[in-house]
Amino acid sequence: MPSTRSLPRASRHTDKPASDWGLFVRGFIKHPAMVASIVPSSGRLIRHMLDRVDWADCKVFVEYGPGVGTFCQAVLDRLAPDAEYIAIDPNPDFVEHLRHKIRDSRFTLIQGSAEDVRQILKDRGYDHADYILSGLPFTTLPAGVGDLIARETAAALRPGGAFLVYQFRPRVRNFFAPYLPKIDHAMEWWNVPPAQLWWAWKE
Ligand SMILES: C[S@@+](CC[C@H](N)C(=O)[O-])C[C@H]1O[C@@H](n2cnc3c(N)ncnc32)[C@H](O)[C@@H]1O
């Protein structure tokens, strides 16, 4: 039997699945600007962020940057049986991990970028999303990408829907405020580091 040392990295990963924590840290080391954090969101942050969603009126829930799936089970626990949850992340390691971790017929995983949210919705037969959740590191994305994502998000939401955003840096608000100016804000201190939470409503 060959020693694991002689095997390519991907083979070693399939032998023993990476822990969420280990994979997240590796994701940060490989793509610091895209992941921009070494600690996944806390349970308190997740509950706080999702508390404002009207789950009875949510048929299409989108998440940008699910990473290792910190929000996934909490969203699925609240989501109606006939609703769909579309998660979009460009990182192939996170996507591969989530494909094995989340097995729920309401969950659709797309390896891609949030910039393409409207095309992704259209491909699934939807005109709009009800809610879009984002932990995207807007301030470290390539120039122009954050603005494009904010604009596309506003166009993708239905009236009455909301863009749910959590980030550490207050200036992230500047990206989406021009397109979604009706904003509620809160702090979640029980997180490393404490996070800003915004609910930006489509009027
Ligand atoms: C700070 S991590 C958030 C991880 C997770 N949601 C959490 O709460 O712990 C940022 C995530 O955004 C993803 N990301 C970066 N650029 C993206 C883009 N253009 N579209 C969608 N996701 C992106 C990264 O791959 C990473 O999974």
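**Exercise 1. The largest core**

Which residues touch the most other members of the largest nonpolar core? Work from the predicted model above.

*Solution.* 
Step 1. Find the core. The largest nonpolar core has 33 residues.
Step 2. Pick out the members with the most partners. Leu 50, Phe 61, Phe 71, Tyr 85 and Leu 164 touch the most other members.
Step 3. List the elements that give two or more residues to this core. The helices are α4 (43–50), α5 (72–78) and α6 (92–101). The strands are β2 (84–89), β3 (107–111), β4 (129–134), β5 (157–167) and β7 (195–201).
Step 4. Look for another core. One of 29 residues lies apart, and Tyr 64, Ile 132, Leu 141 and Ala 200 are among its members.
Step 5. Recall the general rule. In soluble globular proteins, nonpolar side chains tend to be buried together.

**Exercise 2. Around Tyr 85**

Find the contacts of Tyr 85, leaving aside neighbours within four places in sequence.

*Solution.* 
Step 1. Start with the residues numbered below Tyr 85.
Step 2. Link back to the core. Phe 61 and Phe 71 join Tyr 85 among the residues that touch the most other core members.

**Exercise 3. Salt bridges**

How many salt bridges does a search of the whole structure find? Work through three of them.

*Solution.* 
Step 1. Take the total. The search finds eight salt bridges.
Step 2. Side chains of opposite charge can pair when their charged atoms come close.
Step 3. Arg 118 sits in helix α7 and Glu 152 in helix α8, 34 residues apart. Arg 118 has a relative accessible area of 41%, so Arg 118 is partly exposed. Glu 152 has 14%, so Glu 152 is buried; the cut-off for buried is under 20%.
Step 4. Asp 130 is in strand β4 and Arg 158 in strand β5, so the pair ties together parts 28 residues apart in sequence. Both residues are buried.
Step 5. Asp 147 is partly exposed at 30% relative accessibility, and Arg 151 is partly exposed at 39%.
Step 6. Check for shared partners. Salt bridges join Asp 57, Asp 130 and Arg 158 into one network.

How values were computed. Residues are numbered from 1 along each chain as its sequence is written. This is a predicted model: local features need pLDDT of at least 70, side-chain atom pairs count only at pLDDT 80 or more; totals for chains, interfaces and linings use all residues. Side-chain values use heavy atoms; hydrogens and water are left out. A nonpolar core is a set of buried Ala, Val, Leu, Ile, Met, Phe, Trp, Tyr and Cys residues joined through side-chain atoms within 4.5 Å. Buried means under 20% relative accessible area, exposed over 50%, partly exposed in between (1.4 Å probe, protein chains only). Helices (H or I, at least four residues) and strands (E, at least two) are DSSP runs, numbered from the N terminus. Contact means heavy atoms within 4.5 Å. A salt bridge is a side-chain nitrogen of Lys or Arg within 4 Å of a carboxyl oxygen of Asp or Glu.
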